Amino acid sequence: FIVPQHDEVFPFINGYARVRNETRYGIIDMKGRIIVPVSFDEVSDMSEGMFAVRQGVFPKCLSGYYDTT
């Protein structure tokens, strides 16, 4: 019996999937390890080995990238 750890898991793309817990998002790998902490308001799908992340609401938000390479 496996206990769910996330409210929602999006489809895997290139070995990574976005996950949602309540209103926060992050990234897991195929083994379920957290790659990007589940603490962001928005996380994009991977592009060129990086995930764009956003915390907060425009214009008072912080954004950046997590590099997986």
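Trainee: Which residues does R33 touch, not counting residues up to four places away in sequence?

Mentor: Please bear in mind that this is a predicted model. Setting aside those sequence neighbours, R33 touches I27 and I28. R33 itself belongs to the loop between β3 (24-29) and β4 (34-40).

Trainee: Is R33 buried, partly exposed or exposed?

Mentor: The class follows from the relative accessible area, with buried meaning under 20% and exposed over 50%. R33 has a value of 49%, so it is partly exposed.

Trainee: Which side chain forms a polar contact with R33?

Mentor: The side chain of D29 does, in a polar contact of 2.8 Å. D29 is found in strand β3. Because its relative accessibility is 8%, D29 counts as buried. The side chain of D29 also has a polar atom 3.0 Å from the backbone nitrogen of K31.

Trainee: What else is D29 in contact with, leaving aside its neighbours within four places in sequence?

Mentor: D29 is in contact with F12, G15, Y16 and I35.

Trainee: How far apart in space are R33 and C61?

Mentor: Separation along the chain and separation in space should be read as two quantities. R33 and C61 are 28 residues apart in sequence, and their C-alpha atoms are 27 Å apart in space.

Trainee: Let us turn to the strands. How are β3 and β4 connected and paired?

Mentor: The points to look for are the sense of the pairing, the bridges and the turn. β3 and β4 pair in the antiparallel sense over 3 bridges. They form a hairpin with 4 residues between them, and G32 in the turn has a positive phi of about 85°. Within this pairing, I28 stands opposite I34 of β4, and I27 has V36 of β4 as its bridge partner.

Trainee: In what order do the strands of the sheet lie?

Mentor: The sheet is open and has 4 strands in the order β1-β2-β3-β4, with antiparallel pairing. β1 (8-9) and β4 stand at the edges with a single partner strand each, so one side of each is left without a neighbour in the sheet.

Trainee: Over how many bridges do β2 and β3 pair?

Mentor: β2 and β3 pair over 6 bridges, in the antiparallel sense. N21 stands opposite R24 of β3, while the bridge partner of R18 in β3 is I27. The hairpin of β2 and β3 has 2 residues between the strands, and E22 takes a positive phi near 55° there.

Trainee: And how many bridges join β1 and β2?

Mentor: β1 and β2 pair over 2 bridges, again in the antiparallel sense. V9 stands opposite V19 of β2. β1 and β2 form a hairpin with 6 residues between them, where N14 in the turn has a positive phi of about 55°.

Trainee: Which residues line the largest cavity?

Mentor: The lining consists of P11, I13, Y16, A17, R18, I27, S44, D45, M46 and F51. Strand β2 (residues 16-21) supplies the largest share of that lining, with 3 residues. By class, the lining has 7 nonpolar, 1 polar and 2 charged residues.

Terms used:
Residues numbered from 1 in each chain as written. Predicted model: local features only at pLDDT ≥ 70, side-chain atom pairs only at ≥ 80, totals over all residues. Heavy atoms only, no water. 1 Å grid on protein atoms, 1.4 Å probe; cavity = no way out; pocket = protein on both sides within 12 Å on 5 of 7 lines; lining within 4 Å. Nonpolar A, V, L, I, M, F, W, Y, C, P; charged D, E, K, R; others polar. Buried < 20%, exposed > 50% of the residue type's maximum accessible area, 1.4 Å probe, protein only. Contact = heavy atoms within 4.5 Å. Polar contact = N/O pair within 3.5 Å; in protein donor to acceptor, adjacent residues only side chain to side chain. Pairing = 2+ DSSP bridges.
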